[in-house]
Amino acid sequence: MATRVFLEVGQRRVFASAADWPGWTRSGKDENAAMEALAVAAPRYAAVPKAARIAFAPGEGFDVVERLPGDATTDFGAPSAIARAELKRLTKKDAGRLSALVSASWTVLDRMVEKAPASLRKGPRGGGRDRDAVVEHVLGAETAYARKLGLRLKQPAAGDAAAVREHRNAIVAGLRAGTRGVTDGSWPARYAARRIAWHAIDHAWEIEDRSE
């Protein structure tokens, strides 16, 4: 079977997200470019389900199951549209699987951080955060994302492993609570898992690429 995909179409950027694999999301200037980037990323993404101990056997090709209108956030560089399928209430089995994949995305990020140099290669215009600043950015974003799960968390210090672990455990608990459905202003757990995992993996790969 083909891998189910959501396409989020903005004016200048398109995101392609594997509907059943949080974190497997790539973007491009148009639909074809986004789908090609998603296909190329499959072997790299395989480290996430491996860390979660979930079998990963992507199907032959892609099946676009929803096209979503993008917005300014899409064009800025983040997938922000919630698919209709993501409004479906989680079963306990679904919640466990999504939580495992989100946790695995953090495992992959941590591994990249551990082996990366403190100073990362700069971009063509001298831009780009160094390693520790990337970690701080991810933690800050996740603190904001947690509010969309109804959680008020204090951003942990990047060097405080126990605090980071507690922070992540709280987010996982928030995702699992998604079995109770969506309240006004909140993110459905399926979308939250996709956004959180994408952000962690995107920066893990950034660190890896800029360590070379």
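Let's start at Ala41. Setting aside residues up to four places away in sequence, Ala41 touches Trp24, Arg26 and Trp205; contact here means heavy atoms within 4.5 Å. This is a predicted model, where local features need pLDDT of at least 70, side-chain atom pairs count only at pLDDT 80 or more, and totals for chains, interfaces and linings use all residues. Residues are numbered from 1 along each chain as its sequence is written, and side-chain values use heavy atoms, with hydrogens and water left out.

Back to Ala41. Its place is in helix H1. Helices (H or I, at least four residues) and strands (E, at least two) are DSSP runs, numbered from the N terminus. Buried or exposed? Ala41 counts as buried, because its relative accessibility is 6%. The cut-offs: buried is under 20% relative accessible area, exposed is over 50%, and partly exposed is in between, with a 1.4 Å probe and protein chains only. Ala41 and Ala204 are 163 residues apart along the chain, and their C-alpha atoms are separated by 13 Å.

Next, the helix pair. H1 and H7 pack at an angle of about 85°, and their axes are 13 Å apart. So H1 is roughly perpendicular to H7. Axes are lines fitted to C-alpha atoms, for helices over the stretch in contact, and angles run from 0 to 180 degrees between N-to-C directions. Under 35 degrees is roughly parallel, over 145 roughly antiparallel, 65 to 115 roughly perpendicular, and the rest oblique. Who meets whom? From H1, Ala41, Arg44 and Tyr45 meet Trp205, Glu208 and Asp209 of H7.

Now Arg26, in strand E3 (residues 25-28). It counts as buried because its relative accessibility is 18%. What does its side chain pair with? The side chain of Asp202, in a polar contact at 2.6 Å. A polar contact is a pair of N or O atoms within 3.5 Å; within protein, one must be able to donate a hydrogen and the other to accept it, and residues adjacent in sequence count only if both atoms are side-chain atoms. Beyond four places in sequence, the contacts of Arg26 include Val14, Phe15, Ala37, Trp198 and Trp205.

A polar atom of its side chain lies 2.9 Å from the backbone oxygen of Lys88. Among its contacts beyond four places are Ala85, Glu86, Asp94 and Leu98.

On to the core. The largest nonpolar core has 53 residues, and Trp24, Ile196 and Ile207 touch the most other members. Such a core is a set of buried Ala, Val, Leu, Ile, Met, Phe, Trp, Tyr and Cys residues joined through side-chain atoms within 4.5 Å. H7 gives the largest share, 11 residues. Ile196 touches Val102, Trp106, Glu142, Tyr145, Leu149 and Ile171, again leaving out residues up to four places away.

Helix H5 (residues 131-147) comes next. Its 17 residues should span 24 Å at 1.5 Å a residue, and its end C-alpha atoms are 25 Å apart, which agrees. The expected span is 1.5 Å times one less than the number of residues. The buried residues of H5 pack against helix H4 (92-115), helix H6 (161-176) and H7.

Last stop: Gly70, in the loop between strand E4 (62-69) and helix H3 (72-76). Gly70 counts as partly exposed, because its relative accessibility is 27%. Gly70 and Arg13 are 57 residues apart in sequence, and 8.4 Å apart C-alpha to C-alpha.
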